[in-house]
Amino acid sequence: MPPIVDPKKCNGCAGREESFCEEACPGDLMYVGPDGKSHCHAARDCWDCMSCVKMCPRNAIETRMPYQLGYHKARLTPIMGKNAITWKCTDIHGKTVTYKYRNRLDVKD
Amino acid sequence: MPRMAQNPQSLDAVETVRVDCDVLIIGGGNAGCFSAVEAAKIDPTLSVVIMEKAHIMRSGACAAGMDAINTYIPEGKTPEDLVRWCRSQVGGGPIREDLALSNARELNESVDDLERWGLPILRDEDGKIRYRGAWDISIHGEQLKPIMAEKAIEAGAKVYNRVACTQLLMDGPRCIGALGFGVRDGRFYVFRAGAVINATGGAAGLYKSYTADATDSHHQIWMCPYCVGTGYAVGIRQGAEMTSMEQRWVATRTKDFCGPVDTISVGYKAPIINAKGERIMQSRYAHLGADKAPRYIRANAPMEEWLAGRGPTYCDTRGMDPELANRMMTDYLNERPSFVLFLASRGQDPVEEPIEIYGSDPYIVGGHTQSGFWVDLERMTTVPGLFAAGETAGGNPNKFVGGCAAEGKLALRGAAAYIKGLELPEPDPAQVAAEKERVFAPLLRGEDFDGLRALEMEERLQRLMDEYAGGTSQFYRTNEERLDYALKHIAMLRDQTRYLKAADLHDLMAVHEVVDRIDVAEVLCHHLRFRKETRWQGWQTRSDYPETDPAYDCHVESRRDPATGEIETFTRPYEQLVPGDRYKP
């Protein structure tokens, strides 16, 4: 359940010490290759936590179900806002549902 | 730490980094972050270091997020009530009621901390916290991990990201730090500390997951697959006493995607049904409390249906109010977003079609069941200087997020008291050199070395444990002969670790993970073998001893002799501190 990186959108977070997806992956699976793009060491080792997908500032990463477990093709994409997240989910029949909720409270210091 | 370093040409080329601190926290997760925050609160002069295998912002079991805090004491209830519930959930125990009580007294304040830090806890129109069951509350916890991590950093903890722990640093019988290596920078790290809090995750991947069979996905499991039992393993190797390792965590999970089910069954009251539409809990487990039956009964029930030929099994979400269904999907997006993707990839609307469920692979997770280190009330293990909190501390089940947070605070207080006036010796150079050699050897065997990949050994272990030590394919059953078989082959695997070979630093981490898993699996098999009864079906099922035996109404303990590697097993008595019927909440 590889995170699929779109090389047209990915720039390896050029200028950052570590790309956002590298930072996000709890399994140390993402790395920026000599081509300057993010890759996954071992697609089979991915947990599908979607942390990399959420962190990518260019929306260049997609999580896809392996075909042995889910049919072609569904999509789930997050848009991170300030203290809120919006998810767009399209199922294999083309039906799209959007979910939006707060993921942080405003903290008064 | 941007890119992975090149492989070293020789051991001498590996740089050694020495770090001194008052308190070293291994694992910047739920418990570890709370330890760090507590340190700043009680003594801002304490120097605290966190050794973190991934990056603290999104590491470990909380990486994907969370949709509930499973324990928060409601108005009108007491810590004692929580302990009674906790005890009944594990079939009357035996549990460590001293630990459970001290945790319960610290619990609500820890959860309140999370809300003060910005975690959205769902409340009704009157501002009252929304309970989804008797004790658990709903949250929008997509940001849970970064929220905790930010606070640990704000508290002044120095975080070493991408440093994997491989061994404890010892001064005779006492723990004075930990050793490890940078999975990106390729350095060898020596952390010397007054006290060490072992706050890693539990152990996943000891058993094969059925979703790994003939799929592209090896890690489609419920527990974080990067929590591999290193916390337990480093303690086991130094002779720490382990408790209740046989009480594995097995849970009912969504089928073909090992996602949470409490969200549906507890949060949205969707009944569990079998192929014939029969409500299993009501029809077959009414005498054990039906929907409120102990957790292992509920976990095991769907698998018993499959075994009896009455599968598939489902959580019946049909006819659910669409508004509620939308809320349920939002919960999933907070905890396991890819489950929503999975349903979409099946073209499934839960309002029309029920959600299929099945048993998970077994895990050793002391924040859920009670396997882990035997600790005293200060959370010190039997190794002086080594404390445990969260998944690693045993005897105290049903901690979950709030309880792990609470225990992180308790362990820090214990550690801070322990280091008062303590003199620290210099690390023993021979010990450090030997570990450095052990750690990097798989990377230095040379291209021509005809060896093994970590993955091969990991899969061999997982198949072995699945078939012989009571995995999913065996409906969690095992017996004396199978455990002997497993132990024989675990010994062979350990012997063959000398053939393990790593291609790069990431791979080197995988090598040490499989070494750690072997050590944990061995102890687990000894515990399963010792308990000659069946006390918690599913979690611990002996087909040769299918009944509960009062002789085993005690804690099963073990200790590995650091010199010989021999594992001794023994018992400790159960002490009931909270009065009441042990089997009732």
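Let me start with the open sheet of chain A, which has three strands in the order 5-6-7 with antiparallel pairing. Please bear in mind throughout that this is a predicted model. Strand 5 (75-81) and strand 7 (96-102) of chain A form the edges of the sheet, since each pairs on one side only. From one strand to the next, the twist averages 15 degrees. Between strand 6 (residues 84-90) and strand 7 of chain A there are seven bridges, in the antiparallel sense. As one point of reference on the display, A:Ile85 stands opposite A:Tyr101 in strand 7 of chain A.

What packs on this sheet? The element is helix 10 of chain B, which touches strand 5 and strand 6 of chain A. The direction of helix 10 of chain B makes about 20 degrees with that of strand 6 of chain A.

Let me place the sheet within its chain. Chain A comes to two helices and seven strands, and along the sequence these follow the pattern β-α-β-β-α-β-β-β-β. Taken along the principal axes, the C-alpha atoms of chain A fill a box of roughly 45 × 35 × 25 Å. Of the 109 residues in chain A, 46% are buried. If one takes the contacts in chain A between residues at least 6 apart in sequence, 44% of them join residues at least 24 apart.

I turn now to the interface. Here 47 residues of chain B are in contact with 43 residues of chain A. On the chain B side, the elements that give two or more residues are helix 9 (322-335), helix 10 (337-345) and helix 15 (505-530). Which of these gives the largest share of the side of chain B that touches chain A? That share, seven residues, comes from helix 10 of chain B. By class, the side of chain B that touches chain A consists of 23 nonpolar, 17 polar and seven charged residues.

How many of its nine residues are buried? The count is nine of nine, and the helix is thus described as mostly covered. Among these buried residues are B:Phe339, B:Val340, B:Leu341, B:Phe342 and B:Leu343. The cover over the buried residues of helix 10 of chain B draws on both chains: it includes strand 4 (61-63), strand 5 and strand 6 of chain A, together with strand 10 and helix 9 of chain B. Following helix 10 of chain B comes B:Gly347, with a positive phi near 65 degrees.

Strand 10 (residues 252-254) of chain B leads us to another set of strands. Strand 10 of chain B pairs with strand 13 of chain B in the antiparallel sense over three bridges. Strand 12 (residues 313-315) of chain B is also joined to strand 13 of chain B by three bridges, and these two run antiparallel. B:Ile357 of strand 13 is the bridge partner of B:Thr254, and B:Ile357 is likewise the bridge partner of B:Thr313. Strand 13 (residues 355-359) of chain B is mostly covered, with four of its five residues buried.

Two helix pairs in chain B follow. The axes of helix 1 (residues 30-42) and helix 11 (residues 400-418) of chain B come within 7 Å and cross at roughly 45 degrees. The two helices are therefore oblique to each other, and their crossing is right-handed. The residues of this contact divide into eleven nonpolar, four polar and four charged.

From helix 13 of chain B the contact includes B:Leu461, B:Leu464 and B:Met465, and from helix 14 of chain B it includes B:Leu483, B:Ala486 and B:Leu493. By class, this contact has nine nonpolar, one polar and two charged residues.

B:Gly580 counts as partly exposed because it has 14 C-beta neighbours inside 10 Å. B:Gly580 and B:Asp81 are 499 residues apart in sequence, yet 9.8 Å apart in space, C-alpha to C-alpha.

Methods:
Residues are numbered from 1 along each chain as its sequence is written. Chains are lettered from A and ligands numbered from 1 in the order in which they are written. This is a predicted model: local features need pLDDT of at least 70, side-chain atom pairs count only at pLDDT 80 or more; totals for chains, interfaces and linings use all residues. Two residues are in contact if their C-beta atoms, placed from the backbone, lie within 7 Å. Ala, Val, Leu, Ile, Met, Phe, Trp, Tyr, Cys and Pro count as nonpolar, Asp, Glu, Lys and Arg as charged, and the others, Gly among them, as polar. A residue is buried if 20 or more other C-beta atoms lie within 10 Å of its own, exposed if 12 or fewer, and partly exposed in between; C-beta atoms are placed from the backbone. Two strands pair if DSSP finds at least two bridges between them. Axes are lines fitted to C-alpha atoms, for helices over the stretch in contact, and angles run from 0 to 180 degrees between N-to-C directions. Angles under 35 degrees count as roughly parallel, over 145 as roughly antiparallel, 65 to 115 as roughly perpendicular and the rest as oblique. A crossing is left-handed if the near helix is turned anticlockwise from the far one by less than a right angle, and right-handed if clockwise.
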